[in-house]
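Reader: I have a structure open and would like to go through it piece by piece. Can we start with the strands?
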Amino acid sequence: MSTSRWHGHASTRAGRRTAAVVGCTALVLSLTAAAAQARPGHHHPRDTARQTLPAGDGWASHGTGTTGGADADRDRVFTVSTWAEFRAALAVEGTAPRIVKVRGTIDAVSEGCEAFAEPGYDFDAYLEKYSPENWGRETDLSDEPDDSPEGLRRASAARQDRSIKANVPANTTIIGVGRNAGLKGASLQIKDVDNVIVRNLTFESPVDCFPQWDPTDGDKGNWNSEYDSAVVHGSTHVWLDHNTFTDGEHPDSAAPTHFGMLYQQHDGQLDIVKGADYVTASWNVFTEHDKTILIGNSDSESTAAVDRGHLRTTFHHNLFKNLVERAPRVRFGQVDVYNNHFVAGADHSYSFGIGKESQLVAEHNAFTLPDGVSPAKVLKKWSEAPVTAGHNRVDGRTVDLIAAHNAENPATPLRSGAGWTPTLRTEVLPARAVPFVVDRGAGAGRLR
């Protein structure tokens with residue numbers, strides 16, 4: 001089928017295209033200043049640690065808004081440079097506002113995976129016992145006793161779980177100091193609280209030291225891992241801004257293969273689940289990862305009872321680069337995705353996952369796809385749900401993403417019209433200006 005169905009005005013006369021190109025540089029330069037003015041920081045603007053989310057800036061500005069620890073007293077402002085100090089600052093009693101300033105890179109697994117291993121755990125013994133040749137593919141490992149290789153793996157995994165998770169209290173701002181602050185191998189748990197801000201941090205994805213082999217997962221079995229860089233679980237009014245999420249020193253490309261399957265040691269970079277609500281993610285970089293962002297973690301009716309009417313999330317001015325999938329994958333929520341730049345790599349599977357009862361609005365975004373990758377790969381239909389997708393550009397051309405998907409997937413067409421119109425937005429840039437502005441402003445170390 002001709003691609004002319006995919007882009008409304010891509011076939012305009014050459015003279016008009018030339019004029020547009022000539023004017024583009026001037027346009028994005030003028031819009032850069034406007035975007036900078038629209039960036040957050042209206043409360044205590046001289047101290048980034050006390051900045052709050054501006055009114056109207058995405059779903060996290062709804063209702064009471066998001067102020068984090070902006071009003072913290074001096075004795076509730078902590079500067080930390082070790083994992084122990086970081087967790088201690090978060091554990092200080094009370095929900096009065098607090099600010100935690102992170103200086104340098106804090107490594108939650110500084111002693112290595114060996115520090116978590118249960119005495120007697122031996123990975124070679126694990127591989128030997130549970131190989132498909134010895135164990136088969138019909139029975140999972142859930143009934144294995146505590147003294148078995150799987151039992152010792154479970155105990156080791158529990159030790160890592162207790163060590164690398166950090167629970168974030170309500171009314172908290174966590175912010176990196178300077179250009180090189182971050183958390184390595186940690187899992188930030190924003191669970192069942194309200195009013196949290198996380199800014200200016202580089203998150204290097206936690207590595208699951210003890211993935212579980214499940215022989216019954218799929219036709220060939222699979223390795224399953226735990227630990228997201230950040231989890232918003234049942235929480236409300238959360239603002240994640242100017243962070244960088246990356247696999248860093250442990251990319252999947254360096255992972256070995258066991259039993260014919262990738263030894264997967266990463267889960268997600270950001271999950272928004274279990275009735276979480278009113279979240280804004282702005283000016284972040286998500287890069288070098290597989291299963292990136294999950295909004296709603298199950299199709300089950302028990303999960304639906306918690307998630308329906310919640311999971312309202314805004315993504316704007318983020319850079320999604322060299323990802324495989326889930327940018328994001330959405331269930332149930334009203335999710336607004338505008339003014340983001342998606343740069344796909346060779347392993348790109350899809351960007352937006354359309355899941356159960358999702359109501360995704362994706363507008364004014366820019367996509368840069370490698371040669372041979374069709375615009376039809378931007379959207380993937382997992383369940384029947386409507387989508388709004390207008391004013392997006394792919395490789396410099398305006399593209400109707402829904403028409404592109406439907407042309408190549410006639411058996412599983414997407415319906416247009418998410419059924420709601422976002423109102424909580426900062427100034428919306430035209431999609432052609434997005435790569436210039438976002439690539440220069442997103443990520444940790446670029447907070448102003």
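Reader: What order do the strands of the open sheet have?
Author: In this predicted model, the order is β3-β5-β10-β15-β18-β21-β24-β27, eight strands with parallel pairing. Strands are DSSP runs of E with at least two residues, helices are runs of H or I with at least four, and both are numbered from the N terminus. Two strands pair if DSSP finds at least two bridges between them.
Reader: Which ones are the edge strands?
Author: β3 (165–167) and β27 (379–381), since each pairs on one side only.
Reader: Which helix packs on the sheet there?
Author: Helix α2 (residues 83–91) touches β3 and β5 (187–191), where contact means heavy atoms within 4.5 Å. Its direction makes about 30° with that of β3; axes are lines fitted to C-alpha atoms, for helices over the stretch in contact, and angles run from 0 to 180 degrees between N-to-C directions.
Reader: New topic. At what angle do α3 and α5 pack?
Author: Helix α3 (residues 123–130) and helix α5 (residues 149–164) pack at about 135°, with axes 9 Å apart.
Reader: Which residues meet?
Author: From α3, Ala 125, Tyr 126, Lys 129 and Tyr 130; from α5, Pro 149, Glu 150 and Arg 153.
Reader: Back to the sheet: what joins β18 to β21?
Author: Two bridges, between residues 293–295 and residues 329–330. Leu 294 has Arg 329 as its bridge partner in β21.

How values were computed:
Residues numbered from 1 in each chain as written. Predicted model: local features only at pLDDT ≥ 70, side-chain atom pairs only at ≥ 80, totals over all residues. Heavy atoms only, no water.
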